[in-house]
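Have a look at the model first, then read on.

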Amino acid sequence: MKLSNRILNMQFSPIRKLAPYAAEAKKRGIKVYHLNIGQPDVKTPDLFFKAIENFKTTVLAYTESQGMDELQESFIEYYKKWDTEFTKDELVITNGGSEAIMLTFMTICDPGDEIISPEPFYTNYNGFAQTASAKMVPYLTKAEDGFHLPDREVIESKITDRTRALMISNPGNPTGTVYTAEELRLLGDIAKEHDLYLIADEVYREFVYDGLKYTSTLSLKDIIDRVIIVDSISKRYSACGARIGLVASKNKEFIHNVMKLCQSRLCVPTVEQIGAAALKDTPESYFIETRAEYQKRRDILMEGLGKIPGVICKKPTGAFYVVAKLPVKNAENFAKFLLTDFEKDGKTVMVAPANGFYATPGLGEDEVRISYCLNCDDLKAAVELLKAAIEEYKKTRE
Ligand SMILES: Cc1ncc(COP(=O)(O)O)c(C=O)c1O
């Protein structure tokens with residue numbers, strides 16, 4: 001029996017690809033520090049669990065396809081902080097930011113259509129584009145420029161009659177780059193001139209460091225009908241397992257059509273929506289403390305990486321990732337070596353090879369994405385292990 005070309009052409013997630021080797025290492029009794037995955041260890045606010053505890057029902061029913069009233073309202077309230085008044089027909093609750101991206105691509109793309117994005121980009125955009133039989137079209141951003149946007153001409157050179165949207169994740173995964181107001185303006189101007197949507201994946205909006213001011217794409221009021229926001233509670237409230245996100249746009253026609261897909265998948269899990277709605281009362285101190293914690297971790301990581309000869313990376317200012325160039329020829333082989341052949345005092349470390357975050361073959365071969373979701377002590381230990389592993393790898397394998 002045949003499988004679809006769509007699925008056969010799809011890649012496994014590079015973030016999880018080496019997971020079987022990690023499982024094997026753990027079976028051998030080795031402790032693996034996970035620098036490969038963006039799973040925060042910060043506590044989910046108690047408000048989430050309390051709301052679920054207090055939820056009493058005899059029938060666990062479907063909810064509205066666009067999400068429960070109180071959850072929609074809690075997001076509407078949240079966006080006021082970002083100077084935007086959404087109405088209920090301008091946002092739908094989704095199964096995480098992941099479904100928000102998929103619904104967006106399915107709604108705006110015909111087979112063969114293209115979404116333009118800076119690379120490296122969040123690798124799962126590829127899979128979602130594939131689901132819609134669409135294609136990610138990348139333009140290169142470089143470590144030495146802090147992965148900031150290139151000139152207008154570079155971006156415009158990628159536009160064809162199949163282009164439907166420009167897309168960014170801001171702050172960026174895997175780069176940790178926070179785009180400036182001028183960069184967003186540039187994207188807005190290009191979108192307007194070429195009649196495109198501008199998709200902004202802002203799931204890391206709260207994770208911006210060094211006192212930097214964050215500019216949301218929602219600030220582009222003159223082109224707001226082109227802006228599609230992808231959002232999620234996964235990282236903001238350290239609630240990845242809840243699978244609650246949303247897609248929002250002032251373009252009511254877009255949301256109206258997204259609803260067709262929402263209605264066919266019926267709804268998002270009821271209990272998690274109850275918990276998520278309660279998060280609106282999370283005090284500002286939660287974000288301040290979480291931000292300070294991640295900034296501390298970033299600094300520990302950068303200090304540790306700075307001590308490894310040959311490692312190149314610029315200090316990122318957002319999210320909780322860094323793309324680092326390693327002094328090895330093939331970072332994927334090295335990442336595998338970490339799990340299969342290396343250990344120090346019964347411990348090793350796992351990183352995500354960065355080539356999977358590039359759409360252009362051959363790019364990112366000597367780079368890894370490192371996530372700093374581990375607590376400070378574990379992070380220090382993990383970077384020490386990385387240093388020792390690179391030394392051993394270079395001595396014995398290259
Ligand atoms: C940039 C970006 N967008 C979207 C997502 C999807 O997150 P979720 O589906 O958990 O909301 C992630 C998860 O890591 C991400 O990094």
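Predicted model: local features only at pLDDT ≥ 70, side-chain atom pairs only at ≥ 80, totals over all residues.

Local features need pLDDT of at least 70 and side-chain atom pairs count only at pLDDT 80 or more, while totals for chains, interfaces and linings use all residues. Numbering runs from 1 along each chain as its sequence is written, and side-chain values use heavy atoms, leaving out hydrogens and water.

**Layout**
- Domain 1 covers 5-43 + 285-396 and domain 2 covers 46-281, with bounds from an automatic or database domain assignment.
- Their C-alpha centres sit 26 Å apart.

**Interface**
- About 3,100 Å² is buried between domain 1 and domain 2, and carbon and sulfur atoms supply 57% of that; buried area is the accessible area (1.4 Å probe) that two parts lose on being put together, summed over both.
- On the domain 1 side, Phe-287, Thr-317 and Phe-357 give up the most area to domain 2, together 19% of what that side buries.
- The rule picks out one salt bridge across this interface (a side-chain nitrogen of Lys or Arg within 4 Å of a carboxyl oxygen of Asp or Glu).

**A salt bridge to look up**
- Asp-210 and Arg-298 pair through their side chains in a salt bridge, at 2.7 Å from N to O.

**Around Leu-8**
- Leu-8 belongs to helix 1 (residues 5-8), helices being DSSP runs of H or I with at least four residues.
- Leu-8 counts as exposed because its relative accessibility is 54%, and the cut-off for exposed is over 50% (1.4 Å probe, protein chains only).

Technical notes. Helix = DSSP H or I, 4+ residues; strand = E, 2+ residues; numbered from the N terminus. Buried < 20%, exposed > 50% of the residue type's maximum accessible area, 1.4 Å probe, protein only.
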